[in-house]
Amino acid sequence: MLTIEVAQHLWAENKYLVMSRSQQDYNALRQLFSDNEWSDLKSSEFIKILASNRQKKPTRKTLVTTYQHVWGYFKKLATAEERNCYKKLLEQVTPDDDDLESFLYKLAVKYEVRYLINSRLFKQYDNGLSL
């Protein structure tokens with residue numbers, strides 16, 4: 001079974017990916033960590049929810065919620081042009097047409113938000129990307 005330290009690390013990496021697929025899974029996982037106590041039962045539940053979540057597909061609603069959370073890292077740093085681009089892409093985002101994800105990844109690199117760069121939400125992108 002996973003130690004709490006390993007589970008917390010995995011949770012940090014997977015938080016936004018999970019949210020992008022299911023708010024219910026996100027809330028269930030948050031609840032597992034809420035009291036900072038860990039057990040084999042919680043470890044099993046954590047692994048089970050993560051595995052189940054990977055089988056789910058994002059919806060427009062889950063993507064919008066996730067990207068709004070991610071945008072919070074940039075809203076005070078972003079230029080007016082970046083804010084306008086974000087708003088436009090957010091209005092247009094769908095699971096089948098998602099240019100916002102790569103835009104937010106580029107902002108994470110530009111503003112050096114290591115937590116987001118290391119997120120599994122952005123794992124498909126080259127971590128050496130520069131603007």
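Reply: For the charges, Lys and Arg count as positive and Asp and Glu as negative, while His and the chain ends are not counted; the place of a charge is NZ of Lys, CZ of Arg, CG of Asp or CD of Glu. This is a predicted model, in which local features need pLDDT of at least 70 and side-chain atom pairs count only at pLDDT 80 or more, whereas totals for chains, interfaces and linings use all residues. Residues are numbered from 1 along each chain as its sequence is written, and side-chain values use heavy atoms, with hydrogens and water left out.

Me: How far apart are the mean positions of the positive and negative charges of the protein chain?
Reply: The protein chain carries 20 positive and 17 negative charges.

Me: Which elements does the protein chain have, and in what order do they run from the N terminus?
Reply: Helices (H or I, at least four residues) and strands (E, at least two) are DSSP runs, numbered from the N terminus. On that basis the protein chain has seven helices and zero strands. Their order from the N terminus is α-α-α-α-α-α-α.

Me: Why is the protein chain described as being as compact as a globular protein of its length?
Reply: The radius of gyration is taken over C-alpha atoms, and the globule rule is 2.2 Å times the number of residues to the power 0.38. The C-alpha trace spans about 50 × 25 × 25 Å along its principal axes. For 131 residues the rule gives 14 Å, and the chain is described in this way because that value is close to its radius of gyration of 16 Å.

Me: What share of the accessible surface of the protein chain belongs to carbon and sulfur atoms?
Reply: Accessible areas come from the Shrake-Rupley method with a 1.4 Å probe, and for residues only the protein chains shown count as cover. The accessible surface of the protein chain comes to about 7800 Å², and the share of carbon and sulfur atoms in it is 49%.

Me: Is Ser-119 buried or exposed?
Reply: Buried means under 20% relative accessible area, exposed over 50%, and partly exposed in between (1.4 Å probe, protein chains only). Ser-119 lies in the segment after α7, and, with contact meaning heavy atoms within 4.5 Å, Ser-119 touches Glu-13 and Tyr-16, not counting residues up to four places away in sequence. Its relative accessibility is 1%, so Ser-119 counts as buried.

Me: Which residues does Asp-25 touch, not counting residues up to four places away in sequence?
Reply: Asp-25 is found in helix α2, and with a relative accessible area of 10% Asp-25 is buried. Leaving out residues up to four places away in sequence, the residues touched by Asp-25 are Val-18, Ile-49, Asn-53 and Lys-56.

Me: Against which helices do the buried residues of α6 pack?
Reply: Eight of the 11 residues of helix α6 (residues 100-110) are buried, so this helix is largely enclosed by the rest of the structure. Among these buried residues are Leu-100, Phe-103, Tyr-105 and Val-109. The helices that the buried residues of α6 pack against are α4, α5 and α7 (114-117).

Me: What is the angle between the planes of Trp-71 and Tyr-86?
Reply: Rings of Phe, Tyr and Trp (its six-membered ring) pair if their centres lie within 6.5 Å, and planes under 30 degrees apart count as stacked, over 60 as edge-to-face and the rest as tilted. The structure holds 12 aromatic pairs, and in the stacked pair of Trp-71 and Tyr-86 the centres are 4.0 Å apart, with 5 degrees between the planes. The pair links helix α4 (residues 60-71), which holds Trp-71, to helix α5 (residues 80-92), which holds Tyr-86, across 15 residues. Trp-71 and Tyr-86 are both buried, and the angle asked for is 5 degrees.

Me: What value does phi of Glu-112 take?
Reply: Most residues other than glycine have a negative phi, and most peptide bonds are trans. Glu-112 is placed in the loop between α6 and α7, and at 65% relative accessibility Glu-112 counts as exposed. Although Glu-112 is not a glycine, its phi is positive, at about 55 degrees.
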